[in-house]
Amino acid sequence: MRTPLSQTSALVLICDRDISYQSPKSKEFLSYLDLSEGKKMYDKIKHLGPHVDEVIPNRKFLIHDYIGKILNDSKSPVQVLVMACGWDPIMVKMSEEFPEHSFFGVDNESVQLQEKIIQEIMPQSSVFYVQADITHVEYLIEKLSEKGWKKDEPTCLVLEGISYYINPKRLWLMLSDFKKNVKAGCFICGDFLVDWRKQSISKISETLALTVFDMIKESCSQEYYPYTTRKIRQNLEELNFDKVQFFTQDEIQKKR
C-alpha cells in the first residue's frame, strides 16, 4: 500500500519527479508514495501560464547542483543535513551519487515511515532520519548526534522550501544557534520566497506564488513569509557560514 502525501508535498513531486529524480533508487522510493492529493492542486495552477510546472524543477536543479559541487570539492566526508526534509528524495539521489558522504533528514513527522522505506530499498546506505522541530536546536543536535552526526566534521545545511513557513526571527535564531554548535566547516544552501511587493519578479512567478500560498493558507491556516534579497544576504553574512548559496524566484529564472 502506498503512503498518501499531503497536497503540497505531492504537488512538488508531481511537477518534478520525472526530471530531477530519475536515478534507480529515487524512482523506487517514489513508487512507495501516493501523489493523488497533489493532482488536485496541480489542476488548479496548471492554467496560470506556460512553463508553470518548471519552477520547481528549476529550483531543484540549482540546489542539487550546488550540493554536488560542495561534495565533489571536499577532500573529506561531508554531512548533508536537510532541514524539514518532507518526502523529497534528495538524500536518496545524492547518496547514490556520493556514497562516501552521509545524509541526515530532519522533520517533525513522517520520518519513521521514510526510515522503513530506506531500510527496504537501501539497507546499507548512509541516509538517516531524525524526528525533531528544527527550531529547537539543542534537542535537534542531541538527536542528530545519536544518529551519528558529528560537530567536528563538515556539514552542508540544506534549507529548501522551509523558510517560507517559519517566522523570520525564528529562522535566523535557529541558524545562529546551529552555527554555534558546529566546530567544523558549515555550508548553507537554501531558497527563499522573494517579497514581490519590494522586488521585481516575473508575473508568472508572482501569480504562481500568490495562488499556491493562498491555497495553503486557506487549507491549513499556514502563514508564509517573503524576504528581500538584501535582507537575506545581510543576515547570512552576519552568521558567517563558510560558504553560502541562496536562491529566490528571480535568481532561479536567471541561472537556469
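**Aromatic rings**

Visitor: How many aromatic pairs does a search of the whole structure find?
Guide: This is a predicted model, so local features need pLDDT of at least 70, side-chain atom pairs count only at pLDDT 80 or more, and totals for chains, interfaces and linings use all residues. Residues are numbered from 1 along each chain as its sequence is written, and side-chain values use heavy atoms, with hydrogens and water left out. Rings of Phe, Tyr and Trp (its six-membered ring) pair if their centres lie within 6.5 Å; planes under 30 degrees apart are stacked, over 60 edge-to-face, the rest tilted. Searching the whole structure that way, the number of aromatic pairs comes to 8.

Visitor: What kind of aromatic pair do Trp-149 and Phe-178 form?
Guide: Trp-149 is buried, and so is Phe-178 (buried means under 20% relative accessible area, exposed over 50%, partly exposed in between, with a 1.4 Å probe and protein chains only). Their rings sit 5.8 Å centre to centre with 40° between the planes, and that makes the pair tilted.

Visitor: And which kind is the pair of Phe-192 and Phe-246?
Guide: Phe-192 counts as buried at 3% relative accessibility, and Phe-246 does too at 8%. The ring centres are 6.1 Å apart and the planes at 90°, so the pair is edge-to-face.

Visitor: Which residues form one aromatic cluster?
Guide: Phe-192 and Phe-246 turn up again here.
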